[in-house]
Amino acid sequence: MLHLTSRVLARGTLACVLGLALPVFAGNQMYEPLSASVQAALSEAISDQAVPHLAFGTEREARAWLAAMSHRLARRMPERREREEFLVTVHYEAKRAGLDPQMVLGLIQVESAFRKYAVSTAGARGYMQVMPFWAKLIGHSRHNLFHLRTNLRFGCVILRHYLDIEKGDLFRALGRYNGSLGQAEYPSLVLSAWHNHWAYPVRTGEPAPAKRTDRGT
């Protein structure tokens, strides 16, 4: 392991291919009462304090991934150190939650256009546009949702929660994440960004991506 300190429109697909910024497409994650056991499990899931790292089998693989992603992200994050810290944290938090890091990058592109301090009209915050009620529900008042790792940790854990609820159906899980379950536009945009701009070869032996179905119901 290497440790390193909007219905799908043709223009949306083209923007993903060219790596152009898309408008923030944050929705309104819905507050849903959680059972005590689920709340406890989610609270535990955000409590890890391990140092973020790239979870690859060799340093060469880690450096190859980081170089490829850094090149794609350079226009959006010109400062190299910031960019690499962001990518390492995305990779760590996504893998920790059992998510594909490339898919998470696609989600961030659609949610915030990689803007750390993005705020939606509904009040969602940061890279992954996390609603403040989550900090009160499964975190602590001291959690700052504009903090890089805090935002990515909450976003990945919440998406994993929705993916579990939907039994691996990524399309529906993305709808839940955006507060637009049953509508195809948002999940389709995320999947388009993922596959057209952030796709990366899957290594032999890696788990297959979560099940996806291209539908809005």
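This is a predicted model: local features need pLDDT of at least 70, side-chain atom pairs count only at pLDDT 80 or more; totals for chains, interfaces and linings use all residues.

Reader: Which residues of α4 are the buried ones?

Author: They are R83, F86, L87, V88, T89, V90, H91, Y92, E93 and A94. Each of them has under 20% relative accessible area, since that is what buried means.

Reader: How do you know that the length of α4 agrees with what a helix should span?

Author: α4 has 17 residues, and at 1.5 Å a residue they should span 24 Å. The end C-alpha atoms of α4 are 24 Å apart, so the two values agree.

Reader: What elements does the chain have?

Author: There are nine helices and zero strands. Read from the N terminus, the order is α-α-α-α-α-α-α-α-α. Of the 217 residues in the chain, 48% are buried.

Reader: Let us take α3. How many residues does α3 have, and how far does α3 reach?

Author: Helix α3 covers residues 59-73, which is 15 residues. From its first C-alpha to its last, α3 reaches 21 Å, close to the 21 Å expected at 1.5 Å a residue.

Reader: Which residues of α3 are buried?

Author: In α3 the buried residues are A62, W65, L66, M69, S70 and L73.

Reader: Why can we say that the buried residues of α3 line one face of the helix?

Author: Look down the axis of α3: its buried residues fall within an arc of 125°, so they line one face of the helix. The face turned away from that buried side carries the exposed residues R60 and H71. What covers the buried residues of α3 includes α4 (80-96), α5 (101-112) and α9 (185-198).

Reader: What makes W65 count as buried?

Author: W65, found in helix α3, has 1% relative accessibility. The cut-off for buried is under 20%, so W65 counts as buried.

Reader: Which residues is W65 in contact with, leaving aside its neighbours within four places in sequence?

Author: Those contacts of W65 are L54, F56, L87, H91, P101, Q102 and Y200. For a sense of distance, W65 and V88 are 23 residues apart along the chain, and their C-alpha atoms are separated by 9.9 Å.

Reader: What makes α9 a mostly covered helix?

Author: In α9, 11 of its 14 residues are buried, among them Y186, P187, L189 and W194. From its first C-alpha to its last, α9 reaches 19 Å, close to the 20 Å expected at 1.5 Å a residue.

Reader: What is the phi of F114, and what is the phi of Q129?

Author: Phi is near 65° for F114 and near 50° for Q129. Each is a positive value in a residue other than glycine. Most residues other than glycine have a negative phi.

Reader: Where are F114 and Q129 found, and are they buried or exposed?

Author: F114 is found in the loop between α5 and α6 (133-138), and Q129 is found in the loop between α5 and α6 as well. F114 has a relative accessible area of 5% and is therefore buried. At 2% relative accessibility, Q129 counts as buried too.

Definitions and conventions. Residues are numbered from 1 along each chain as its sequence is written. Side-chain values use heavy atoms; hydrogens and water are left out. Helices (H or I, at least four residues) and strands (E, at least two) are DSSP runs, numbered from the N terminus. The expected span of a helix is 1.5 Å times one less than its number of residues. Buried means under 20% relative accessible area, exposed over 50%, partly exposed in between (1.4 Å probe, protein chains only). The arc is that of the directions from the helix axis to the C-beta atoms. Contact means heavy atoms within 4.5 Å.
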